[in-house]
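Reader: I'm new to this one. Can you walk me through it?

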Amino acid sequence: MGIASALQVTVEDLFGDEPEPVDALDVAAPAGSPVSVARVGGRLVTAAGAHGLLGAEAWGVADAVVADTLTWLPGRSPASLLIAGCDPAIGLLSGVLDRSGHRMLGLHASTGRSVDALAAGRVHGVLVHGRASELPEPPVPVRRWRVARWQVGLCAPSGRRTAPSIDELASRRLKVVQRDAGAGSQRAFERALRAAGAPELPGPIGEGHLDVARRVSYGGADAGVLMEAAAAVFGLRFSALEEHGVELWLAEEWRDLPAVTALVEALLGREFQAQLGLLPGYDITECGTELRVS
C-alpha cells in the first residue's frame, strides 16, 4: 500500500490486477443502488431491483452496491448462473438448484428482452414462451428443452362473471394493463386485436404476469394481459387467447459449466417437476424433453 501511495497509483495498477468488467443486464442502476450480480464468462453482470422487486412484500437479498466499481456486501459473491425469462419456473429452478451448491440468479424479463440479453452474451440461458410457430430464432447456438405449456389471455376483476371479450374491450375502449412489445403475451393480445379488426387500446404497461394481475385486482384497470396461473393467484376471471409452449434455452458456449450441468439435472428431476405441476393451468407432460435442432 505504501509503495502504491508513493507512486500515486492504485494497488491494482501496481500489481496488474485489473477489476473484472461489469455490465448491466438491462438498464444500468444509479450509483448507490443495490444490485444482484452473476459471473457470465469474463465479466460480472448486474441487475437492479434487488429490494422490493415488482412491489413484492418480501425484499430480496442484494449482492453489491453500485459505485465507480462494485462494492460487495458482507458474505456475498456473484452467482454462478444467470437465467432470464418470463415464467415462474425460474424461481422454482433457482430454489431447487440452491441445494446443489450452485447459486442461480433468475431474473424476470419478457421473452423479447431475454433473447436480446442472450444475444449480447449477458446471460447463460433464457426461458421463452410463445406459440410453436411464433418463438424467435435463438440468436446464438443453444440447447433447448421443453418445460411446460399454458394459456395466455385476458383477466378481469373477480366481480365480473367472465373476462371481457376483445369486442367488448374495443367497443367500450376499456383500460387494459398490457405488457412490453417484446412479451409473448402482448403479441398474443395484438394478434387477437388484429383478427377482430379492433384498434389499439389504452392502458399501462405491467412489469410481468403477476404485476398485471395485481394491478387489475387492485382496481387499476378493467382487464389485463397475462398467463392463466397469475390470474388464478389473484382469483381473477380468465379467458384464454392462445396456448403457449415454454422452452429453456442454454447457450452452447456454457454447456460444460458445472452449474449448467446441475441446472439440467434439476430440470429433469422429480422435485422440480412436482413443484412445477402445482402451478394452475400448467401442462408439464413433456417437461425435460430435449429438442434436437436439425
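This is a predicted model: local features need pLDDT of at least 70, side-chain atom pairs count only at pLDDT 80 or more; totals for chains, interfaces and linings use all residues.

Reader: How many helices and strands does the protein chain have?
Author: The protein chain has ten helices and 13 strands.

Reader: And what share of the residues is buried?
Author: Buried residues are 45% of the 294 in the protein chain.

Reader: What about contacts between residues 24 or more positions apart? What share do they take?
Author: They account for 69% of the contacts with a separation of 6 or more.

Reader: Give me one residue to look at. Where is Leu82?
Author: Leu82 is in strand β6, which covers residues 81–85.

Reader: Buried or exposed?
Author: Leu82 is buried, because its relative accessible area is 1%, and the cut-off for buried is under 20%.

Reader: What does Leu82 touch?
Author: Leaving out residues up to four places away in sequence, its contacts include Leu25, Ala38, Val40, Val45, Leu105 and Leu107. Arg122, Val123, His124 and Gly125 are also touched by Leu82.

Reader: How far apart are Leu82 and Leu25?
Author: In sequence, 57 residues. In space, 9.9 Å from C-alpha to C-alpha.

Reader: Is Cys86 buried or exposed?
Author: Cys86 is buried, because its relative accessibility is 2%. Cys287 is buried too, with a relative accessible area of 10%.

Reader: Which strands supply the lining?
Author: β9 (142–156) and β12 (237–251) each give at least two residues to the lining of that pocket. The largest share is from β9, with five residues.

Reader: What classes of residue are in the lining?
Author: Ten are nonpolar, three polar and seven charged.

Reader: Now the arginines. Where is Arg160?
Author: Arg160 is in the loop between β9 and α5. Arg160 is partly exposed, with a relative accessible area of 26%.

Reader: What is Arg160 in contact with?
Author: Beyond its neighbours within four places in sequence, Arg160 is in contact with Glu168, Arg172 and Arg237. Arg237 is 77 residues from Arg160 along the chain, with 7.2 Å between their C-alpha atoms. A polar atom of the Arg160 side chain also lies 2.8 Å from the backbone oxygen of Thr162.

Reader: And where is Arg173?
Author: Arg173 is in the loop between α5 (166–172) and β10 (176–177). Arg173 is partly exposed at 44% relative accessible area.

Reader: What is phi for Arg173?
Author: Phi of Arg173 is near 50°, a positive value in a residue other than glycine. Most residues other than glycine have a negative phi.

How values were computed:
Residues are numbered from 1 along each chain as its sequence is written. Side-chain values use heavy atoms; hydrogens and water are left out. Helices (H or I, at least four residues) and strands (E, at least two) are DSSP runs, numbered from the N terminus. Ala, Val, Leu, Ile, Met, Phe, Trp, Tyr, Cys and Pro count as nonpolar, Asp, Glu, Lys and Arg as charged, and the others, Gly among them, as polar. Buried means under 20% relative accessible area, exposed over 50%, partly exposed in between (1.4 Å probe, protein chains only). Contact means heavy atoms within 4.5 Å. A polar contact is a pair of N or O atoms within 3.5 Å; within protein, one must be able to donate a hydrogen and the other to accept it, and residues adjacent in sequence count only if both atoms are side-chain atoms.
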